[in-house]
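Visitor: I am new to reading protein models, and I would like to learn how to look at one feature after another. Could you take me through it slowly?

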Amino acid sequence: MVSALSGLTNDDFAYQAEALQGVSRTFALTIPQLPDGLCDVVGNAYLLCRITDTIEDEPALSAEQKREFSERFAEIVAGRQEPDSFAQDLGELLSSSTTESEHDLIAHTARVIRITRGFSDTQRNALERCVKIMSRGMAEFQQRATVKGLNDLPDLDQYCYYVAGVVGEMLTELFCDYSEKINERREELLALSVSFGQGLQMTNILKDIWDDQRRGACWLPRDVFLAAGFELSSLSSAQRDPGFTKGLFELVAIARHHLSNALRFIMIIPPRETGIRLHCLWALGMAILTLRRIHATPAYRSGQEVKISRRSVWMVTIVTSVVGRSNLALRLLFGILTYNLPRVEGRHLEQASP
């Protein structure tokens with residue numbers, strides 16, 4: 001095991017906060033709501049996941065290169081390799097398709113890892129497991145990415161597990177490590193955590209259908225659309241088919257189901273843990289509003305068309321800050337906001353696992 005990197009300074013934590021602002025304004029908003037014992041580790045975890053995402057999203061890398069870099073990064077997070085050569089090797093291959101903020105994040109991998117190695121054993125183990133499973137799973141799916149979509153709904157479940165469900169499990173472990181009271185409900189939370197992650201990820205997949213297609217990928221399940229009378233190989237932003245809309249609404253219903261489990265997850269968190277609740281509620285609220293826009297605008301042609309406004313984000317933060325401690329108020333608010341969304345009918349939903 002490589003020893004922890006020396007020289008950890010406040011500048012490293014300042015860089016972590018700056019990097020979060022650059023790569024995700026959403027998480028830069030939600031993570032600071034967490035209590036001091038969680039804010040730094042969750043922020044670090046997000047950057048580790050973002051480095052993994054950057055590898056998988058880079059079009060200039062072959063499938064084999066993506067697998068190699070993903071495995072190297074998992075070893076770095078586990079403390080068995082150092083990050084400097086990784087950052088240099090990967091940085092030289094990144095194209096202009098990767099954002100400037102992501103280029104900068106890769107260049108400063110060592111700073112992120114210095115913080116990682118300063119956490120407790122429990123925290124490091126949670127982060128290491130997440131990155132290992134995510135790296136392995138994303139590399140697997142990237143190797144068979146196609147505009148024809150995924151095979152079926154279980155395939156989508158598995159993809160969502162690797163991309164987001166495992167993050168839900170990691171956050172649950174971190175929350176339980178932070179609070180003995182939360183840890184008393186650990187098994188209940190873990191049972192809902194994958195579904196929480198899947199609800200958020202499915203919302204992102206639906207929002208980004210056309211952007212992903214332009215990049216040569218489609219994460220929609222073929223079986224759902226075939227049952228609706230539409231073949232995903234015919235998918236084009238220039239055409240609309242009633243079968244496509246029917247399949248889209250089926251996925252909206254499934255995503256809503258998972259988001260209802262996300263609410264159940266949040267309501268288990270003790271009301272006095274306001275910061276943890278708000279961190280989760282803001283992500284849930286923004287997903288619900290995005291899903292509403294998708295349902296109301298099925299002919300959208302880009303993610304930008306269904307992206308929620310800054311005013312909507314502001315409303316989510318204000319309203320949930322007022323009612324976030326009341327489970328009754330949260331149930332009523334969820335019911336109102338999702339009232340017009342389609343419901344799952346007669347489909348048994350399974351959660352993916354490793």
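Predicted model: local features only at pLDDT ≥ 70, side-chain atom pairs only at ≥ 80, totals over all residues.

Visitor: How far apart are Asp155 and Arg222 in sequence and in space?

Guide: Along the chain Asp155 and Arg222 are 67 residues apart, while in space their C-alpha atoms are 9.7 Å apart.

Visitor: Which residues does Asn44 contact, and is Asn44 buried or exposed?

Guide: Asn44 belongs to helix H3, residues 36-57, and Asn44 is buried, because its relative accessible area is 0%. Leaving aside neighbours within four places in sequence, its contacts are Gln16, Val112, Ile115, Thr116, Phe119 and Leu127.

Visitor: What does Val77 touch, and in which helix does Val77 lie?

Guide: Val77 lies in helix H4, residues 63-77, and with a relative accessible area of 7% it is buried. Apart from neighbours within four places in sequence, Val77 is in contact with Leu48, Ile113, Leu127, Glu128 and Val131. Notice that Leu127 is among the contacts of Val77, and that Leu127 is also among the contacts of Asn44. Val77 and Thr116 are 39 residues apart in sequence, yet 7.5 Å apart in space, C-alpha to C-alpha.

Visitor: What is the relative accessible area of Thr109?

Guide: The value for Thr109 is 0%, so Thr109 is buried. Thr109 lies in helix H7, residues 109-116, and, not counting residues up to four places away in sequence, Thr109 touches Ile51, Phe73, Pro83, Phe86 and Ala87.

Visitor: Is Arg214 buried or exposed?

Guide: The cut-off for the word exposed is over 50%. Arg214 has 53% relative accessibility, so Arg214 counts as exposed. Arg214 lies in helix H12, residues 209-214, and, beyond its neighbours within four places in sequence, Arg214 is in contact with Arg301 and Ser302. Gly229 is 15 residues from Arg214 in sequence, and the two are 23 Å apart in space, C-alpha to C-alpha.

Visitor: How should I describe Ser312, whose relative accessible area is 23%?

Guide: A value between the two cut-offs is described as partly exposed. That is the case for Ser312, because its relative accessible area is 23%. Ser312 is found in helix H17, and the C-alpha atoms of Ser312 and Leu289, which are 23 residues apart along the chain, are separated by 7.9 Å.

Visitor: Now I would like to look at a pair of helices. At roughly what angle do H11 and H15 cross?

Guide: The axes of helix H11 (residues 186-207) and helix H15 (residues 274-296) come within 10 Å and cross at roughly 40 degrees, and the crossing is left-handed. On the H11 side the contact is made by Phe196, Leu200, Thr203, Leu206 and Lys207, which meet Cys280, Ala283, Leu284, Ala287, Thr290, Leu291 and Ile294 of H15. By class, the residues of this contact divide into nine nonpolar, two polar and one charged.

Visitor: How many residues line the second largest pocket, and which lie nearest its centre?

Guide: The lining of the second largest pocket has 17 residues, of which Gly285, Val316, Thr320, Leu333 and Leu337 lie nearest the centre. The elements that give two or more residues to this lining are H15, helix H17 (310-323) and helix H18 (327-337), and the largest share, six residues, comes from H17. About 270 Å³ of space lies in the second largest pocket, and its lining divides into twelve nonpolar, four polar and one charged residues.

Visitor: Which residues line the largest cavity?

Guide: The lining of the largest cavity is made up of Ile205, Asp208, Ile209, Asp212, Ala217, Cys218, Trp219 and Leu220. By class there are six nonpolar, no polar and two charged residues, and about 30 Å³ of space lies in the largest cavity.

Terms used. Residues numbered from 1 in each chain as written. Heavy atoms only, no water. Axes fitted to C-alpha atoms, helices over the stretch in contact; angles between N-to-C directions. Helix = DSSP H or I, 4+ residues; strand = E, 2+ residues; numbered from the N terminus. Left-handed = near helix turned anticlockwise from the far one by under 90°. Contact = heavy atoms within 4.5 Å. Nonpolar A, V, L, I, M, F, W, Y, C, P; charged D, E, K, R; others polar. 1 Å grid on protein atoms, 1.4 Å probe; cavity = no way out; pocket = protein on both sides within 12 Å on 5 of 7 lines; lining within 4 Å. Points joined across faces, edges and corners; volume = space filled by probe spheres on them. Buried < 20%, exposed > 50% of the residue type's maximum accessible area, 1.4 Å probe, protein only.
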